[in-house]
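Biologist: Could you walk me through this one? I'd like to start with a helix and then move on to the packing and a sheet.

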Amino acid sequence: MRRRTFVAAGISAVAAGTSISCGGNQAGWRFFTAEEARAVDAICEQIIPAGPHPGAHDARVVNYIDIQLTRHFRKHQETYRRGIAGVEAAGRKKFGRRFVELSPEQQVEILSDAEEKSKAFFELILAHTRQGFYGDPRHGGNHNMVSWKMLGLPSPPIRGRERSVWPGFFCPA
Amino acid sequence: MSGQGGGFLPMPLKHVNAVIVGAGAGGGVAAKELASAGLSVVLLERGKWYSAADCRKDDLRNQRTTVLGNGFGPDDERNPRVLVEGKRETIVWPSEGGYSNNAACVGGGTFSYGAQSWRYMEQDFRMRSTYGAVPGSTLEDWPITYADLEPYYEKAEWEMGVSGDVANNIFKAPRKKPLPMPPLPPSREHQVLLPAAKRLGLHPFDIPMLRNTVPYNGRRACMRCRWCVGFACETNARTGTHNTVIPAALATGNCAIRTECMTREVLLDGRGRSRGVAYIDAAGHLQEQTADLVIVSCGAVESARLLLNSRHRLFPGGLGNRYGWVGRNLQSHTYPAVTGLFETETYDDLGPGASIAICDYNHGNPGLAGGGMLANEFIRLPYQFMGQVPPWIARWGAEHKEFVRNAYRRTISVMGPVQEMPMFAARVELDPKVKDYWGIPVARLSGSKHPHTLDIARFMAEKAEAWLKEAGAAQTWRRMPGPSLSGGQHQAGTCRMGNDPKTSVVDRDCRLHDVDNVYVIDAGVHVTNGGFNPALTILANAYRASERLVNAWKGSRAHS
Ligand SMILES: Cc1cc2nc3c(=O)[nH]c(=O)nc-3n(C[C@H](O)[C@H](O)[C@H](O)COP(=O)(O)OP(=O)(O)OC[C@H]3O[C@@H](n4cnc5c(N)ncnc54)[C@H](O)[C@@H]3O)c2cc1C
Ligand code: SF4
C-alpha cells in the first residue's frame, strides 16, 4: 500500500524527495499536503536557486523540512501552515495563480513581500532552507551532498584530513 | 530496587565521604583528587556517558550548532529555563539561544569543547586593583593570585596533556615548565596570519590545546578532522575529564559514578550542616545519597540553581545565599568577530582550526579596563558560514549562494573572548512557576552586559580587522555582540569566591561561607573570567581546591 502511494507520488518532480520520507499522508509527505510541498519546494528553490550548481530543489530541501516538522520543528507546524497559505493567497491576489504557476520574477516579488510582512514564516523557511541545503544529508536534505561538493569539501567529514605528518599515525580505514 | 516511582525512597544508599554533583570540568578533577587520597566518592551526573564512538559529526545537531538539538545534552524535552528580557519573559529550551547552555554529559563541556587551554594572566586575578572600580560593575580581585594557581595550571597541563607553543607569548605570566606536547603543524590560515602579525609588531604564538598532537597518556594523536569543536572526538585525542581524571578516579576503586541522575537539592541536618543530596535516578526514583561532604560542580548556572533549591529553616533563601550573592555576576565572554575575504584560498581542510593567537591586547589598552586574546576561528561548518556572510550580500537568491560558493574557502575569521565587567544584576534565580520534568524549579536568567564590555569589544574588533587587513584581506566585516545577557559555554561567576562572606559565596578554598561541609568547585567561583576560554583555569582551580580539601580532611580514608 505504502509502496504504491510512493510510486504514484513519484510522478511529480517534487515528490522525488519522498524517496526518503516514507509514511505520512497520501502523497508520501509526513506533514505537508502534496500542494504545500510543491509550494515549499518552489519557495526554497527561490531562496537557493539552481545555477551552474544544483539548488534547493535538487538538494531535496523540502524533504528535510517535512521530516523536521514532525520532529524537532513540531512547534513550527502552525507557522508553516499559515505561512504557506499566506504566500498562496498573496499570489492569487496579485497574479491570480498558485505560487508554483508564477514566473520566477513573480515568485521573487511575492517572497520579497513575505520577507517584509510575514517575518516569522519567512525567517523560518530561510533558516530551514539553508540547513536543508548546507547541512548533513542524514537529515533528509543536501541530497548527494550537492552543497558540499559545490564547496569542494570531500566526504566524509568524519575522517582525519592529515594522514602522514606523524610516523605511525593512526588512521582508521 | 523498588519499582515504585515518585517520592518513594528505596533502600538507603551506602554513606560515603563525598558526593560530587556534576561530572564536568571541576567535578571530574575533584573526583580524581579525592578518590586518589582515599576518600570514598560518589559522582552524580545528570547526563549520559558518551564514548568516542559517538563521533557522528552531525553538523546540525552537536554542542555548537543546535538547530536540531544539543548533541551532548541537555535534551529539549525535560529542561526548560526562563529568560527575562526587560518586561518579556520566555520559556527557553536548551537548543535555543538565550538558554545559556553548556552541556550535560560525563565530561560536561570538556567532552565536546574546542580544547583551548589558557592560563589567565596575573592581572586577570586582580582586575579591581589593576583598573580601579568600574561604575555599575562588581569588578573585584580574586582572593587568590596567579602564583597560587601556577602549580596547578602546570599539574593540569602535564597530567591531562596540553599541546602548543607559548614561547613567543611575551605577555604570559611566569611559568616553570613548558607545555608537554608540540603544536600541530601550521594550517594555511596560520601561515597567512603569522607573518602579518609579526609585521604589525605583534607576538603571535601557537594556542595551547588540551589535544594530543603526539601519543600521550595512552591516547592517540589528533588526526585533524575538518570538524572538531562541538563534536565527540573519534580518536580520543582531544582531552576532557571523561577520558582522563574520571577514569582515573574510577580506577582507584574509591569512586562510583552514576549517570542520568538529576540532583534536586543539598540536604541539611537540624544544625544546618549538610548530610548529602537528594536526586532522581535514571529510573525515576528519588534517592538520598548521604555523605560527609557535598561538592557542587554543576556549572555556573546549575550550581546556583541547586544551591537556591536547597532551602532550610536556617537558609530560607537557599544555601550559601545569606547575603543574596548566589546566582549573581553571571558572566561569560563577549565575542567580537571579524571576517576577512582573501583573493586566494586560505582553506586547506586541516582541522581543528583555531591555532594562532595574540595576547597583545589583553591588558594595557588605553582607557579600557582589560581586553582579550585574539585568535583565528575553528573550521566553520557550511551551515555556520551562513552567519558569516556580510550584511551587504542579499540574504537569499543567486547572489547569496554565489557568495557562499566563492568565499567559503577564501575567508578567515579572527575573534576573541573579551573579559567582561561583572554585573550584580546579571543573575540566576529560581522561577516561581516553571518546573522541569522532575518537578524541580528551573533557573530564571535576567540581566545584561555592562556597556564597558561592549566598548572593549569594539576596540578588539578594530584590532582583529587590522590583523586581517595586514594579512591581505581584500574586504573585512564585523559581527558585533549585542547588550543581552552573557552566559552559555563560558558561563561563570555565580558563586563568587571571596574573603568577605557579605560579598561572596565561597571562601578561597571554595567552601561555602555558610556551611562548612559544602563546596562549589566549577566556573561558578570565578570572580572574573579572564580574557581567555576558561576550562584550564577551572581545572587548575579544581586541583588546588581539592588538594586543600584533602589536606584538611580528618575523616576516614579507604586507602591512599
Ligand atoms: C562547544 C563548546 C566549546 C568550548 N570550547 C572551549 C575551549 O576551547 N576552551 C575552553 O577553555 N572552554 C571551552 N568551552 C567551555 C568549557 O567546556 C566550560 O567552561 C567547562 O566545561 C565548565 O566547567 P564546569 O565544571 O564549570 O561545568 P561543566 O563542565 O558544564 O560541568 C557541569 C556538569 O554538571 C552536570 N550537572 C548540572 N546540574 C546537575 C544536577 N542537578 N545533577 C547532576 N548533574 C548536574 C552537567 O550535566 C555537567 O556535566 C567550550 C564548551 C562547549 C560546549
Ligand atoms: S580534530 Fe583532532 S581532536 Fe578534534 S575531533 Fe578530530 S582527532 Fe579529535
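Modeller: Gladly, and please keep in mind that this is a predicted model. In helix 3 of chain B, which covers residues 146-161, the buried residues are B:Tyr146, B:Leu149, B:Glu150, B:Tyr152, B:Tyr153, B:Glu154, B:Ala156, B:Glu157, B:Met160 and B:Gly161.

Biologist: What do the buried residues of helix 3 of chain B pack against?

Modeller: They pack against strand 5 (163-165), strand 6 (205-209) and helix 9 (535-552), which belong to chain B.

Biologist: Switching to the core, how many residues are in the largest nonpolar one?

Modeller: The largest nonpolar core has 109 residues, and B:Leu307, B:Leu319 and B:Leu512 have the most contacts inside it. Helix 9 of chain B supplies the largest share of this core, 10 residues. Apart from it lies another core, of 59 residues, including A:Trp29 and A:Met150.

Biologist: And which residues does B:Leu512 touch?

Modeller: Leaving out residues up to four places away in sequence, B:Leu512 touches B:Leu307, B:Leu319, B:Gly320, B:Val505, B:Val506, B:Val518 and B:Val520.

Biologist: Now the sheet in chain B with 4 strands: what is the strand order?

Modeller: The order is 4-3-18-17, in an open sheet with mixed pairing. Strand 4 (88-92) and strand 17 (427-435) of chain B each have a single partner strand, so one side of each is left without a neighbour in the sheet. On average, neighbouring strands of this sheet are turned by 30° against each other, direction ignored.

Biologist: How many bridges join strand 3 to strand 18 of chain B?

Modeller: There are 3 bridges between these strands, residues 81-85 and 441-446, which run parallel, and B:Leu83 has B:Leu445 in strand 18 of chain B as its bridge partner.

Biologist: Which strands does helix 6 of chain B lie across?

Modeller: Helix 6 (residues 300-308) lies across strand 3, strand 17 and strand 18 of chain B, and runs at about 60° to strand 17 of chain B.

Technical notes. Residues are numbered from 1 along each chain as its sequence is written. Chains are lettered from A and ligands numbered from 1 in the order in which they are written. This is a predicted model: local features need pLDDT of at least 70, side-chain atom pairs count only at pLDDT 80 or more; totals for chains, interfaces and linings use all residues. Side-chain values use heavy atoms; hydrogens and water are left out. Buried means under 20% relative accessible area, exposed over 50%, partly exposed in between (1.4 Å probe, protein chains only). Helices (H or I, at least four residues) and strands (E, at least two) are DSSP runs, numbered from the N terminus. Contact means heavy atoms within 4.5 Å. A nonpolar core is a set of buried Ala, Val, Leu, Ile, Met, Phe, Trp, Tyr and Cys residues joined through side-chain atoms within 4.5 Å. Two strands pair if DSSP finds at least two bridges between them. Axes are lines fitted to C-alpha atoms, for helices over the stretch in contact, and angles run from 0 to 180 degrees between N-to-C directions.
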